[in-house]
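Have a look at it first, and then we'll go through it piece by piece.

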Amino acid sequence: MGCLIPLSNPLLQLFFPLVFFVFFPPVYGKDNLTSHSFTPINGDLYHSSGLLMEEISNLVHRHPDKFTMEIIETGNQGYKAEITVVTYCRNRKEIDDRSKVRILLSFGQHGRELITSELALRVLSVLSEEEFLPNMDPKSLNSTLDKLVIKVVPMENLNGRELVESGELCERRNGRGVDLNRNWSVDWGKKEKDYDPYEENPGTAPFSEPETQIMRKLAISFDPHIWVNVHSGMEALFMPYDHRNMTPDGLPSQQMRRLLEELNHLHCHERCMIGSGGGSVGYLAHGTATDYMYDVVRVPMAFTFEIYGDGTASSKDCFKMFNPVDLATFNRVLNDWSAAFFTIFKMGPRELQQETTTTTTTTTHSKASTEKWVSIDEYLDGYLMERRNRYGKKVEVLEFGMQEIRTYFRLFMLSSVLLLFMFCSRISKSKCSRPIAAVLPI
């Protein structure tokens, strides 16, 4: 029979809490949560990042008549990033035809939003004609696709995605803790009262991150008519602006809203929020990709799509909050939103044609009528990217890096100004030193 020790003993009153603390430690924050506290990644539904990119690569190689693929790499301060870009054109020989409507799609900008990259794979599979959308006429679809060149970035934030796969399921930032959707130059660095440095770190400067540098160069060189940045966390169809509680004025805004309303009716079943990101979400976002595309690159139709969100999930259960966890919902999201993209492929060029026809000389965002103004840095970045896209990764422009070209250009401009100043000074001095002839004869 065991011996009972009275707890009135002062030593025992100290001993028992200490034992309890050692064997049952308290939980402080998310780092001490066990894997049972949240929903893990469902490996039966979702590809790993490596397998997903491998499947996309194999898809491209099976259809060399329609697809090309390149991997763009860059880095700074010891941090490296790479982005895969898949280009689709029904006739590959026409890939540089500037008369076609150009569409740029980005998925996986935030690491925890796995469903977005799965959607990229589905869209590419339909474009390859290995998969088909229900209730869509293949002849009509092909007629639409003949007029397009589409660039798809399936996973913009590969380093952040790998952090999520290693167990940091709430991570949205890149591999060194910067939110890529706050690292663009439009209204960069501004912080709202509810600013969360963990969620919204904008980086040390606009375009400080290799990923946003690559995307900026790609956008400037490709010069898209339509841009879509795909996210998850809610169901919404956003247009500019993210940093203001307003949408743009005039015809472009009306056309964007008209297209979004049609998508909401056909594919979102009237569930999606529509409007500006800044006016609809309840907070302003500064330094976003979509605002840059609209304001700087002058993309006529720039959107942010939010394709899924579970409002019932705990804020710590990030995988469930941002991604479907059952097969039925997973398939519904992919089917609805892949169909939405093909509606964009069909309706977008029609809206752009109407804009060009009716506002040839007046609209400020028309591709046909508006001269774009970009900085010399952005122009050179875009030029170099275009050369690499056209001639391959091995080609270097005179073996100069972009920084050297910028430096030489600035030195050239400075030298030109100094020479002009010296020339004007010499002319002025020669005029002043010329002897004045006497008016009256001596």
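## A right-handed link

Let's start with a sulfur bridge: the torsion about the S-S bond of Cys 170 and Cys 318 is about 95°, so this disulfide (a pair of cysteine sulfur atoms within 2.5 Å) is right-handed. The two sulfur atoms sit 2.0 Å apart. Cys 170 is found in the loop between H5 and helix H6 (197-200), while Cys 318 belongs to helix H11 (residues 318-322), so the pair ties together parts that are 148 residues apart in sequence. Helices (H or I, at least four residues) and strands (E, at least two) are DSSP runs here, numbered from the N terminus.

Before going on, a word on the source: this is a predicted model, where local features need pLDDT of at least 70 and side-chain atom pairs count only at pLDDT 80 or more, though totals for chains, interfaces and linings use all residues. Residues are numbered from 1 along each chain as its sequence is written, and side-chain values use heavy atoms, with hydrogens and water left out.

## The other disulfide, and some buried cysteines

How many disulfides does a search of the whole structure find? It finds two. In the other link, Cys 268 and Cys 272 have their sulfur atoms 1.7 Å apart. The link of Cys 268 and Cys 272 is right-handed, with 65° about the S-S bond. Number the bonded cysteines of the chain in sequence order and the pairing reads 1-4, 2-3.

Are these cysteines buried or exposed? "Buried" means under 20% relative accessible area, "exposed" over 50%, and "partly exposed" in between (1.4 Å probe, protein chains only). Cys 170 counts as buried at 17% relative accessibility, and Cys 318 does too, at 4%. Cys 268 and Cys 272 are both buried. Cys 89 also counts as buried, at 1% relative accessibility.

## The sheet

Now for the strands. Eight of them form an open sheet, in the order S1-S2-S4-S3-S5-S8-S6-S7, with mixed pairing; two strands pair if DSSP finds at least two bridges between them. S1 and strand S7 (273-276) stand at the edges with a single partner strand each, so one side of each has no neighbour in the sheet. From one strand to the next, the twist averages 20°. Angles like this run from 0 to 180 degrees between N-to-C directions, with axes as lines fitted to C-alpha atoms (for helices, over the stretch in contact).

At the S1 end, S1 and S2 pair in the antiparallel sense over ten bridges, and Ile 71 has Thr 84 in S2 as its bridge partner. Their hairpin has two residues between the strands, and Gln 77 takes a positive phi near 50° there. Eight of the ten residues of S2 are buried, so S2 is largely enclosed by the rest of the structure. S2 also runs antiparallel to strand S4 (residues 148-153), joined by three bridges, and Tyr 88 stands opposite Ile 150 in S4. At the S7 end, strand S6 (residues 234-239) pairs with S7 in the parallel sense over four bridges. Met 239 has Ser 276 in S7 as its bridge partner.

## Two helices

Helix H2 (residues 49-62) has 14 residues and reaches 20 Å from its first C-alpha to its last, close to the 20 Å expected at 1.5 Å a residue (that is, 1.5 Å times one less than the number of residues). Its buried residues include Leu 52, Ile 56 and Val 60. Seen down the axis of H2, the buried residues fall within an arc of 160°, so they line one face of the helix; the arc is that of the directions from the helix axis to the C-beta atoms. What covers these buried residues? Strand S1 (67-76), strand S2 (79-88), helix H3 (114-128) and helix H5 (158-165) are among the elements that do, with contact meaning heavy atoms within 4.5 Å.

Helix H8 (residues 251-266) has 16 residues and reaches 23 Å, close to the 22 Å expected. Among its buried residues are Leu 251, Gln 255, Leu 259 and Leu 263.

Thr 116 lies in helix H3 and is buried, with a relative accessible area of 0%. Leaving aside neighbours within four places in sequence, Thr 116 is in contact with Phe 107, Gly 108, Val 230, His 231, Ser 232 and Ile 307.

Glu 351 lies in helix H12 (residues 327-358) and counts as buried at 8% relative accessibility. Not counting residues up to four places away in sequence, Glu 351 touches Gln 255, Arg 258 and Met 301.
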